[in-house]
Amino acid sequence: MVTLQYRSIVAALMIATSAAAHSQSTSSPQPAPGSVAGYVANPPTPAGNTAAPYTFPNSHQQFRNYLYSTFGPPAFIASAIGAGLDQRKPAPPEWDSGAQGYAERYGSRFGMQLVSQTTAYSLGALSHEDVTYHRCACAGLLPRTTHAFVSTLTARTGSGRTVFSVPALVSPYAGSFTAVNAWYPARYEPADALRIGSMSFVFKAAGNLVGEFFAPPR
């Protein structure tokens, strides 16, 4: 059951990322070399997986990254996937099992995602970290997969160095604790917020894998 849910997450995120990439390529100007327009940056070249030289994004690019990560197509579809998984459990069971319950769960997932991304990018700006996902400059299935998973807890500094990221660690729990305290049923406790926040890393890792292997180069 868990494996099936993870496959569903990855498959739907693949569709979301492809659609978003197509939308950006037809409706928005291309960024300068080395900059990032979405949550995937430094795409591999056809000659291999050699990424372009890393350039730390300026404040305008950081804000664009934040808007895309929070309000872009992958964010809406990821919220829909999470709401669908919650609907199957159901979680929370107090919410309706029909259309109204799904709408509540969708709103809940999107709200958590909004708080999480806002926290990540705000703390990243304060600590001068680039929390946007960047493809690996390496080649090979295992190194690139490892990079996707490691990136759930890392960020880039102004020098381009990859470091452990407090914003990346804290932000999923900011979203889950906000949900538990603001709109979840009263019986939910901090332990539930920790559990929900920890599960958010599964979605984040799945999104990184899609960005690493399946997002079309720009």
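1. Does Phe 71 count as buried, exposed or partly exposed, and at what relative accessibility? In this predicted model, Phe 71 has a relative accessibility of 40% and therefore counts as partly exposed. The value falls between the limits of 20% for buried and 50% for exposed.

2. The ring partner of Phe 71 is Phe 110, with the two ring centres 6.2 Å apart. Their planes stand at 50°, so the pair is classed as tilted. Phe 110, at 16% relative accessibility, counts as buried, because buried means under 20%.

3. As for position in the chain, Phe 71 belongs to helix α2 and Phe 110 to helix α4, so this pair ties together parts that are 39 residues apart in sequence.

4. The structure holds nine aromatic pairs in total. Another of them joins Tyr 66 and Tyr 121, whose ring centres are 5.7 Å apart. Because the planes of these two rings meet at 65°, the pair is edge-to-face; the cut-off for that class is over 60 degrees.

5. The pair of Tyr 66 and Tyr 121 also links distant parts of the chain.

6. Tyr 66 and Tyr 121 are joined with Phe 63 into a cluster by ring pairs.

7. A charged residue also meets an aromatic face: Arg 156 lies over the ring of Tyr 54, at 4.4 Å from the ring centre.

Key:
Residues are numbered from 1 along each chain as its sequence is written. This is a predicted model: local features need pLDDT of at least 70, side-chain atom pairs count only at pLDDT 80 or more; totals for chains, interfaces and linings use all residues. Side-chain values use heavy atoms; hydrogens and water are left out. Rings of Phe, Tyr and Trp (its six-membered ring) pair if their centres lie within 6.5 Å; planes under 30 degrees apart count as stacked, over 60 as edge-to-face and the rest as tilted. Helices (H or I, at least four residues) and strands (E, at least two) are DSSP runs, numbered from the N terminus. Buried means under 20% relative accessible area, exposed over 50%, partly exposed in between (1.4 Å probe, protein chains only). A charge sits over a ring if NZ of Lys or CZ of Arg is within 6 Å of the ring centre and within 35 degrees of the ring normal.
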